[in-house]
Amino acid sequence: MTEQILNTEPILVCKDLCKSYKKNKPVLKDFNFCVEPGKITGLLGPNGCGKSTLLKLISGILVPDSGEILLCGQKRSEKSNALISYLPDSPYFSDGQKVENMLTYFADFYPDFDKTLALNMLGDLGIDPKARFRTLSKGTKEKAQLVLVMSRKARLYMLDEPLGGVDPAARDYILRTIIGNYSPDSAVIITTHLIADVEPALDDFAFMNYGGEILLSGNADETREEQGKSLDTLFREVFAC
Amino acid sequence: MLRKCLKYDFKETFKLWWVGALTTLLSCIPMTLVMRIMTNNEDPSISDGTLLAIPLFFLVWFGMMIGTVISTLSVYIRYYRHFFGKEAYLTFTLPVKRSTLFTSKFMSAMFFTIFTYVILFVGLFSAVFLSEGGMGVFEAFENGFSSGLKSLIPAAMVGAVVTVVYGIFLTAVTAINVLSYFLIITFCGVYFKKYSLLAIIVAFYILGNFGSFVVALPLAGGFLAIFGVTGLVDANLISMGPIQLVLTVGAALLLVTIALTAINMLLAFLSNELLERKLNVS
Amino acid sequence: MAWKLNSDLPVSQQLYMKLQTDILNGEYPPGSQFPPVRKLAMEASVNPNTMQKVMGLLEEEGLLSCTSTAGRFVTEDRALLGRKKREMQEAFLLKALGEAKALGIEKEQLLDFVNNRFDESEEEYD
């Protein structure tokens, strides 16, 4: 029995987004994108094509040169940040902080943060809450960061390369956590190079090229059926050098 | 939200600030020895006591300087780290307005900067006060001060008015200090990217070396206002009642304060604009 | 551990086959409660919507029934289960037969093989 979705308004709408770091070198040009609730979307593309920039624009770290970003129908503002749980591609903790202090910090600023869940996940992954970040390896820091992001009940989760620097066992755990977190009211955007690992978990996907050009997009399973090959294989064909 | 930001700004700034404050307080202790030596010698220029007093004095001076610098810098280190360091990702994804984040930084900066000077004052004052020789100096000062003014107006009233007006004036001057350094950090952070830290250090060094003109200028302006006023009424000093004198000086100071506040608002506005529109966190 | 899925083929097809086989083999006994969508999706490391679709197909086939409050149950219709199992077995045998013929295996050869080797235990098959 399918669960009724009361609100079918897209969670994210990007309209004609433009962003460039240097003149005449746009990272995103007239970028249009839309994510519906209850979907896990994969944003797949080569390094430097603008995936990370897009996520930074949505989360408010960067300001677009032109264009519009709408979160749940509202223009992007600091209030939207309460709806977004963003995982950047590199750790952002100050070395001297203890892990549990970060939990308190998140609980303070985000009403939807579940501290108990976070502590459980840290336990599963073998991370000591009383440890200071400088004592953790890079992979462990990334896991800790993911725990913080997934312990929130956000409307939009944006995970920038969540599987990157992490061992295969942890990758399984991370994917299962993302799937387990699923709710018909929220959406997940994952950017990654490790397409093969993430494929089965995706609803929709988009192949993104430089300048934010979308070469191919659609439902993952339907595309596999039509094309008779995996997204990984398809990606290699589409982006062949 | 502002309260939450303040909580964390205070906590994080304090972690570095207390080191400086403690250093300042501890280095004031040798001052008691210095005072003792100075007041016990008949001829300070040749006795052994002087030889000891001089290095001690340098110890005090050095310690106080380092302590104050650390305490003062703790505020700017926090500002830089939170907006331009690794933590910036966390900062700018919070459901908090950038102007609120800035206001919180400003309020905690004011608190810790003023408190740094309070610590300095307390340290020196108690060191002077605690030494035997110091008591004599203090008594002499008090006698001179009160005998001169006792005849004019009740000491309490003078103290109150001067403290309030001068306090407001000093707050405005401190704010200029804080806000201009904030603006430097923001500007360098936005436009110098990789080399922002280097640019900030250079800018701070230049300003520090040229006597912190951002503090000296308004202070000078304030005093000029006072001297100007008292100079103008010099001839009529005797005929002008003491209350009127105090009020005139007070008014001059307040005018300068208003000008300073306008400048402060401009400085804060500039920083906020840079944070809001021009900052690209990489 | 994620179920072994071949990404070159539609995931929903593979999930359907696996779950159908598991039900018909008795991994999920008739009348028993079927795990919820999310739990299975997590176990398989697949998208919950895909899993939902597959369960819908299983319902259509009559292998699963869905109540509005208690979740999904495996059907108790043993006749249906028996019939489906035979269909599945026949489909497999047909496929195997087709591949055997493609390799040039003769009917006699096949019958001899089955007669001689069928009763061996499974370890010796490798």
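Me: In which helix of chain B is B:Leu16 found?
Reply: Helices (H or I, at least four residues) and strands (E, at least two) are DSSP runs, numbered from the N terminus. B:Leu16 is found in helix α1 (residues 2-27) of chain B. The model is predicted: local features need pLDDT of at least 70, side-chain atom pairs count only at pLDDT 80 or more, and totals for chains, interfaces and linings use all residues. Residues are numbered from 1 along each chain as its sequence is written, chains are lettered from A and ligands numbered from 1 in the order in which they are written, and side-chain values use heavy atoms, with hydrogens and water left out.

Me: Is B:Leu16 buried, partly exposed or exposed?
Reply: Buried means under 20% relative accessible area, exposed over 50%, partly exposed in between (1.4 Å probe, protein chains only). B:Leu16 has 31%, so it counts as partly exposed.

Me: How many residues of chain A are there, and what share is buried?
Reply: Chain A has 241 residues, and 57% of them are buried. Its secondary structure comprises eight helices and 10 strands.

Me: What share of the chain A contacts with a separation of 6 or more joins residues 24 or more positions apart?
Reply: Contact means heavy atoms within 4.5 Å. The share is 71%.

Me: How do strands β9 and β10 of chain A run?
Reply: Two strands pair if DSSP finds at least two bridges between them. Strand β9 (residues 204-208) and strand β10 (residues 214-219) of chain A run antiparallel, joined by five bridges. A:Met208 stands opposite A:Ile214. Five residues lie between the strands of this hairpin, and A:Gly211 takes a positive phi near 80°.
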